[in-house]
2 protein chains.
Amino acid sequence: MSLPANAFCSIARTLEVLGQKWNLLLLREAFYGRTRYGEFQRIGIPSDTLAARLDSLVAAGLLERRSYQPDGKRTRDEYVLTAAGKDAITVLAALSEWGDRHLPLPDGPGIVFEVGDTGEPVHLRFLTEGGREVAADEVTAVHGPGWFAAKARLAADN
Amino acid sequence: MSLPANAFCSIARTLEVLGQKWNLLLLREAFYGRTRYGEFQRIGIPSDTLAARLDSLVAAGLLERRSYQPDGKRTRDEYVLTAAGKDAITVLAALSEWGDRHLPLPDGPGIVFEVGDTGEPVHLRFLTEGGREVAADEVTAVHGPGWFAAKARLAADN
């Protein structure tokens, strides 16, 4: 019996949350510091979809829903990045850098990544555990321990 | 007039190609060395969808369609990663590493990234142009030159 191709893959599991165009664009807006429903609407997402997408990001633990009360108005919700949400900046940077290389804009990148404190530009790179930089075209993807463990269990069950 | 939120964003442009769960899982299979229709089917994608997704990856320049002829059989198509397709390994690694941190499997990662020649494990990290490693939680996303140029053009037109 062959192993289900997706059950033990961290890419497939991540895509359940992040493999959704609107979710990633909403995270982008959250990184720009937007927290409010009306601010998220500006990306052109239909209102029903926006509510559902924000709920899915809250359920997945990437955004936290908080209440705020504008002066003299009723209480409203705002949406703030959690630590797990902030950690998705590597996914946004990988998508953005790929786009800048293969679908470039005439005037340069529309979004850049930098050190918050100093403004130094940063780029994603592959590093070995010893800190040596490795070009992307030297890197391969292979099955990891989670896959082999699952395969061994499946063999034992049959 | 405000600037359209997505027109000048390399994340949004990249998501037109890579913001699609099946496309990323098909690329994962291509990195595992799979090239044939029947091999791609094992990820559980419906047959109609598979044909459309392979076409979209060819149209976007991530896969190249080639012909091969099995012994005594008719000619068939196979799908091989292009340089742009191979370069999407950073996107797969970013998704995978996020999943390993936030949706971990009990037995460890299902997929790992390593140097093709030596098998050394590699990880994605943010580096400054001087080669200094910066933790993801110190990195921020800001508008880049493409965004400011577009904004200036829009202001001049109004």
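This is a predicted model: local features need pLDDT of at least 70, side-chain atom pairs count only at pLDDT 80 or more; totals for chains, interfaces and linings use all residues.

**Note on the pairing of the two chains**

1. L127(A) has H123(B), a residue of strand 4 of chain B, standing opposite. Within strand 4 of chain B, R125(B) is the bridge partner of R125(A).

2. The pairing extends within chain A. Strand 4 of chain A also pairs with strand 5 of chain A (residues 133-134), in the antiparallel sense and over 2 bridges. Here F126(A) stands opposite V134(A) of strand 5. These two strands of chain A form a hairpin with 4 residues between them, and G131(A), in the turn, has a positive phi of about 90°.

3. What order do the strands of the open sheet follow? The sheet has 4 strands in the order 5(A)-4(A)-4(B)-5(B), with antiparallel pairing. Strand 5 of chain A and strand 5 of chain B (133-134) are the edge strands, each pairing on one side only.

4. Two helices lie across strand 4 of chain A together with strand 4 of chain B. One is helix 6 of chain A, which runs at about 105° to strand 4 of chain A. The other is helix 6 of chain B, which runs at about 105° to strand 4 of chain B.

5. A further strand pairing joins the chains. Strand 6 of chain A pairs with strand 3 of chain B (residues 111-115) in the antiparallel sense, over 5 bridges. In this pairing H143(A) stands opposite I111(B) of strand 3 of chain B.

6. Helices also meet between the chains. The axes of helix 1 of chain A and helix 6 of chain B (residues 89-102) come within 8 Å and cross at roughly 90°. Helix 1 of chain A and helix 6 of chain B are therefore roughly perpendicular to each other. Helix 1 of chain A contributes S10(A), I11(A), R13(A), T14(A), L15(A) and L18(A) to the contact, while helix 6 of chain B contributes L92(B), L95(B), S96(B), W98(B), G99(B) and D100(B). By class, this helix contact has 6 nonpolar, 4 polar and 2 charged residues.

7. The contact as a whole takes 77 residues from chain A and 76 residues from chain B. Among the elements of chain A that each supply at least two residues to the side touching chain B are helix 1 (10-18), helix 2 (21-31), helix 6 (89-102), strand 4 (122-128) and helix 7 (145-157). Helix 6 of chain A gives the largest share of that side, 13 residues. The residues of the side of chain A that touches chain B divide into 41 nonpolar, 19 polar and 17 charged.

8. How are the two chains related? Chain A is superposed on chain B by a rotation of 180° with 0.0 Å of shift along its axis, at an RMSD of 0.0 Å. That is the relation of a two-fold axis. The same surface serves both copies, since 99% of the contact residues of chain A recur in chain B.

Key: Residues are numbered from 1 along each chain as its sequence is written. Chains are lettered from A and ligands numbered from 1 in the order in which they are written. Copies are superposed by least squares on the C-alpha atoms of residues with pLDDT of at least 70 in both. Two residues are in contact if their C-beta atoms, placed from the backbone, lie within 7 Å. Ala, Val, Leu, Ile, Met, Phe, Trp, Tyr, Cys and Pro count as nonpolar, Asp, Glu, Lys and Arg as charged, and the others, Gly among them, as polar. Two strands pair if DSSP finds at least two bridges between them. Axes are lines fitted to C-alpha atoms, for helices over the stretch in contact, and angles run from 0 to 180 degrees between N-to-C directions. Angles under 35 degrees count as roughly parallel, over 145 as roughly antiparallel, 65 to 115 as roughly perpendicular and the rest as oblique.
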